[in-house]
2 protein chains.
Amino acid sequence: MARVVVDVMPKPEILDPQGQAVSRALSRIGVAGVADVRQGKHFELVVDDSVDDETLHRIAGSLLANPVIEDWTVTRV
Amino acid sequence: MARVVVDVMPKPEILDPQGQAVSRALSRIGVAGVADVRQGKHFELVVDDSVDDETLHRIAGSLLANPVIEDWTVTRV
């Protein structure tokens, strides 16, 4: 068994209303010094050793992320 | 300026319906070998060098995560 982390983020050119909401909330509660916040998704998978990287990228691109508006990284941990 | 990643995950004892939905979808599309999926949130912050780790954990625990049901990690990248 192996642990795999998939992080999914909105592409840089895509607006990120969730991240912007966090930014505004930080100003409101008086936290200074945070220039930018972007929010994405974090998946932790437990997979058999038979699952190769190609399969992991296929899972990420078809189920975990929307390739039109999101990028993802696959990391074995 | 520094880049900080905050990963927020449901605590182990908390049910994760999003992750379970992904697990079921994987079986449905015929992907075998994935034993478990859990879904959380991934934040990327750009902060001034003046923002210390204590402030980052305060931000994570008050705005990014719900400490009752979620754990988080703060990583400078």
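**Conventions**

I note that this is a predicted model, in which local features need pLDDT of at least 70 and side-chain atom pairs count only at pLDDT 80 or more, while totals for chains, interfaces and linings use all residues. Residues are numbered from 1 along each chain as its sequence is written, chains are lettered from A and ligands numbered from 1 in the order in which they are written, and side-chain values use heavy atoms, with hydrogens and water left out.

**The interface**

I recorded that 32 residues of chain A are in contact with 31 residues of chain B, contact meaning heavy atoms within 4.5 Å. I then looked up the buried area, which is the accessible area (1.4 Å probe) that two parts lose on being put together, summed over both. Between the two chains this area is about 2,500 Å², and carbon and sulfur atoms give 69% of it. A:His42, A:Glu44 and A:Leu63 supply 20% of the area that chain A buries against chain B, more than any other three residues.

I searched for salt bridges (a side-chain nitrogen of Lys or Arg within 4 Å of a carboxyl oxygen of Asp or Glu).

**Elements on the side of chain A**

Helices (H or I, at least four residues) and strands (E, at least two) are DSSP runs, numbered from the N terminus. The elements of chain A that give two or more residues to the side touching chain B are strand E1 (2–10), helix H1 (17–28), strand E2 (34–47) and helix H2 (53–64). I found that E2(A) gives the largest share, 14 residues.

**Strand pairing**

Two strands pair if DSSP finds at least two bridges between them. I noted 13 bridges joining E2(A) to strand E2 (residues 34–47) of chain B, and these strands run antiparallel. In this pairing A:Gln39 has B:Phe43 as its bridge partner, and A:Leu45 stands opposite B:Val37. Within chain A, seven bridges join E1(A) to E2(A), also antiparallel. There the bridge partner of A:Val4 is A:Leu45.

**Symmetry**

I superposed the copies by least squares on the C-alpha atoms of residues with pLDDT of at least 70 in both. Chain A is laid on chain B with an RMSD of 0.0 Å by a turn of 180° and a shift of 0.0 Å along the axis. That is the relation of a two-fold axis. In chain A, the C-alpha nearest the axis belongs to A:Lys41, 2.2 Å away. I also noted that 97% of the interface residues of chain A are interface residues in chain B too, so the copies meet through the same surface.

**Two further residues**

A:Lys41 also forms a salt bridge with A:Glu70 (3.7 Å, N to O). B:Ile29 lies in the loop between helix H1 (17–28) and E2 of chain B. Leaving aside its neighbours within four places in sequence, I found B:Ile29 in contact with A:Ser62 and A:Leu63.
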